[in-house]
Each structure stands twice: as structure tokens, then as C-alpha cells.
Amino acid sequence: DAPWCEIKPTHAGSSHIITKWDSKKKEKYEAGLCVKNRCEPCQIRQVLEVVVGYRQKEDIVETARIVYENTKRVFFPNS
């Protein structure tokens with residue numbers, strides 16, 4: 001399981017979310033839409049937006065680059 005999921009409106013960081021996707025319950029699956037309450041890879045963008053909002057950084061691209069470089073350094077040190 002991934003460390004992120006749908007960030008609900010009740011989440012403390014929800015006010016920082018800019019990017020949103022339409023979703024449906026799994027029983028009403030429709031190609032091209034997210035499945036409600038499921039960990040969807042595209043939602044990592046929302047996690048980034050919350051981090052940037054909390055840190056009060058304006059440059060989301062730079063923050064994403066830093067996170068990517070840290071991930072490589074921690075999990076793939078020999079590549």
C-alpha cells in the first residue's frame with residue numbers, strides 16, 4: 001500500500017489542494033476516473049501541494065525536484 005490516498009476535505013491540509021480529479025465508487029467504476037477512497041498514483045500530486053502549502057514554498061517544481069533527489073539518494077544510492 002502507498003503512503004498516500006485521497007485527501008478528504010476534513011484533512012488539515014485540504015485547503016492547499018489545487019489539483020482535483022473526478023472519482024466514482026468502485027461499484028460504479030468508469031475508465032478515466034479515480035476510484036473513490038483508493039490510493040491512486042495521480043494523487044501524489046495532492047500530497048506535494050499540501051507539503052508546499054505547509055512549508056509556504058511558492059515553487060512547486062523546485063520542491064518536487066528536491067523530493068525526487070532525496071528519494072533517489074535514500075532508496076537508490078548506487079544509481
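I began with Ile-66, which is partly exposed at a relative accessible area of 30%. I located Ile-66 in helix α2. The model I am reading is predicted. I then took the C-alpha distance from Ile-66 to Glu-40: the two are 26 residues apart in sequence and 22 Å apart in space.

**Chain overview**

I went through the secondary structure next and found two helices and two strands in the chain. Along the sequence I read the order as β-β-α-α. For overall dimensions, I noted that the C-alpha trace spans about 45 × 30 × 20 Å along its principal axes.

**Helix α2**

I turned to α2 and found that the helix covers residues 60-75, which is 16 residues. From first C-alpha to last, I read a reach of 22 Å, close to the 22 Å expected at 1.5 Å a residue. What does a side-chain oxygen of Asp-59 reach at the start of α2? I found the backbone nitrogen of Val-61, to within 3.2 Å.

I checked charged pairs inside the helix. Arg-65 and Glu-62 both sit in α2, three residues apart, or about one turn of the helix. I recorded a salt bridge between the side chains of Arg-65 and Glu-62, at 2.7 Å from N to O. For accessibility, I have Arg-65 at 42%, partly exposed, and Glu-62 at 31%, also partly exposed.

I found a second pair in α2, Lys-72 and Glu-69, again three residues apart and about one turn of the helix. The side chains of Lys-72 and Glu-69 meet in a salt bridge with an N to O distance of 3.6 Å. I noted Lys-72 as partly exposed with a relative accessible area of 30%, and Glu-69 as partly exposed with 33%.

**Salt bridges elsewhere**

How many salt bridges does the structure hold? I have four on record. One of them joins Lys-24 and Glu-30, whose side chains meet at 2.7 Å, N to O. I looked up the exposure of both partners: Lys-24 is partly exposed, with a relative accessible area of 33%, and Glu-30 is partly exposed at 36% relative accessibility. As a reminder to myself, side chains of opposite charge can pair when their charged atoms come close.

I looked for nonpolar surface and noted a patch of about 350 Å². Which residues make this nonpolar surface patch? I listed Val-74, Phe-75 and Phe-76. I placed Phe-76 in the segment after α2.

**Backbone at Asn-37**

I checked phi at Asn-37 and found a value near 65°, which is positive in a residue other than glycine. I marked this angle because most residues other than glycine have a negative phi. Where does Asn-37 lie? I found Asn-37 in the loop between β2 (34-35) and α1 (44-55).

Terms used:
Residues are numbered from 1 along each chain as its sequence is written. This is a predicted model: local features need pLDDT of at least 70, side-chain atom pairs count only at pLDDT 80 or more; totals for chains, interfaces and linings use all residues. Side-chain values use heavy atoms; hydrogens and water are left out. Helices (H or I, at least four residues) and strands (E, at least two) are DSSP runs, numbered from the N terminus. The expected span of a helix is 1.5 Å times one less than its number of residues. A polar contact is a pair of N or O atoms within 3.5 Å; within protein, one must be able to donate a hydrogen and the other to accept it, and residues adjacent in sequence count only if both atoms are side-chain atoms. Patches are made of residues with over 30% relative accessible area and no salt bridge: like charges are joined within 9 Å, nonpolar side chains (Val, Leu, Ile, Met, Phe, Trp, Tyr) within 5 Å. Accessible areas come from the Shrake-Rupley method with a 1.4 Å probe; for residues, only the protein chains shown count as cover. Buried means under 20% relative accessible area, exposed over 50%, partly exposed in between (1.4 Å probe, protein chains only).
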